[in-house]
Amino acid sequence: MTYRKLTSLDAQFLAMEDGRAHGHVSVLSTYAPTTADGRALTADRIRDLVAARLPLLPPFRWRLVRVPFDLDHPYWDDSGDVDLSYHVQESALCAPGDDRALADHVAELIARPLDRSLPLWEIHVISGLADGSVALLIKMHHAAVDGVSGADVLRVLLDDTPEGQVIEQSVTPEPGRKPSQIDLLGRGLFNASQYPLRSIRAALRALPHLDEVPTLRGVPGVNTIARHSRTAKAVLERSDAAAGTDLVAPRTRFQAPISQHRSVAFGSVSLAEVKTVKDHFGCSINDVVMAMCASGLRSWLTEHDELPAGPMLSFVPVSVRTPEQIGTFGNRVSVMMAELPTDEPDPVQRLHRARATMTAAKQRHRTLPASLLEDANDLIPPALFARATGTALRHGASFLQPAVNAAISNVPGSPTTLYCAGAEQLSQFPISGVLHGVGLNITVFSYRDELAFGIVVDREQLDDPWPLLDAVRGSLAELTAAVSKPPAA
């Protein structure tokens, strides 16, 4: 069987696309210009690499197939050929080819939607960098991969040694009989008949927690529905009613509909310095990252006279992939909401508050069903899903109470050197996406001895994110200074 149906969570990343919002995520890496045996790293080398490993990369083979009349969510078809000459593209920077020039080029590339008639990925091989290195931008659609499965894709493409890995020559699935449109219509009608029962089951799980769903919590009445559902559930189960979330996001320039344009900035800090701060204050690397983001935003917003009186609010993706689901693709993800203590003037107290808010967010998230986002989506019939999702995101950004202010994610990476087609990977930066109402995304990867930040913003909301990146990176100096500061007498 070469067809696999998307879940409602997978389909949400398609439904959100409207020519301005896009559902793909990316990673930008730079490599030595030549391999260990002296050959140049070119687009043809990357095409050869992907061709050899394509059997291990199902999302690189999948094409979307719509169900007639959108009666059900689409399917992935794993039975067609892949045109690597299209999917692996090459371009070159104009002089001087510095980081800003690379970021501007990347911003243009991520602003282009992926072609839905083809497998939803691209690799861009970029030359002309000032230091002679070669950059690779890998775009993959979130409908096919989440953070964990995206990392699985990178593990297939990248190697631990210049010599590469031995690839088992497993065979790509043989094309079976493709379901006809009549077959898909029949499946859609059958699944539509099962929708009421599926919706009831989803409602029992989702309604008490709707105020924890970032895409819904700003809709009028949702908080009331969640509160009453928690009370009803408590009565039925003869237990105490669970507490909901009272987190409120202030409105900033990033809480507006986004345009079709992007701006990008990227850079790194010393992972050793971050670990020194972590160890000294007894917190986690993620706590330090959240504190740095809060500090950078506070500094930048203050400079622009836009600092809200209260703390800002972020959503943080969380994997809910079980051990049995490791190695599968698609989305097994949830989100938790955490305050960013941008209202705290003292950097050390900001770190302590970041740790406390992340601890509270984790505790609150543990009470939520792992399938919450999918259950919330299952409340809407598939035939209405795409239209309802797109409308809610576009118009909600203008008129509804902001759900969150920014997306922030921290993904552990490789502590050792990686190679692509035999060329050493010099750096790796996350390049994520923005949504209507959430025009700021800060994602963090660790690689070797660095912690790499990638900032993506809507260009109409912020045309130059580099000062914000500098503020985030510079905040680490405040914390390292506090580490060496003698205790008060």
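A residue is called buried when its relative accessible area is under 20%, exposed when the area is over 50%, and partly exposed in between, using a 1.4 Å probe and protein chains only. The model described here is predicted, so local features need pLDDT of at least 70 and side-chain atom pairs count only at pLDDT 80 or more, while totals for chains, interfaces and linings use all residues. Residues are numbered from 1 along each chain as its sequence is written, and side-chain values use heavy atoms, with hydrogens and water left out.

We can begin with the salt bridges. A salt bridge is a side-chain nitrogen of Lys or Arg within 4 Å of a carboxyl oxygen of Asp or Glu, and by this rule the count is 19. One of them joins Arg448 to Glu424, with the closest N and O atoms 2.8 Å apart. This pair links distant parts of the chain, 24 residues apart: Arg448 lies in the loop between strand 14 (440-447) and strand 15 (450-458), and Glu424 in strand 13 (residues 423-431). Helices (H or I, at least four residues) and strands (E, at least two) are DSSP runs, numbered from the N terminus. Glu424 is partly exposed, at 29% relative accessible area, and Arg448 is partly exposed too, at 23%.

A further salt bridge brings together the side chains of Asp343 and Arg353, at 3.1 Å from N to O. Asp343 sits in the loop between strand 10 (333-340) and helix 10 (347-366), and Arg353 in helix 10, so the pair ties together parts that are 10 residues apart in sequence. Asp343 has a relative accessible area of 26%, and Arg353 has 24%.

Now for the strands, where two of them pair if DSSP finds at least two bridges between them. An open sheet of 6 strands has mixed pairing and the order 5-6-7-2-13-12. Strand 5 and strand 12 (419-420) stand at the edges, each with a single partner strand, so one side of each has no neighbour in the sheet. Within this sheet, strand 6 (residues 121-127) and strand 7 (residues 134-141) run antiparallel and are joined by 6 bridges. Ile126 stands opposite Ala135 in strand 7.
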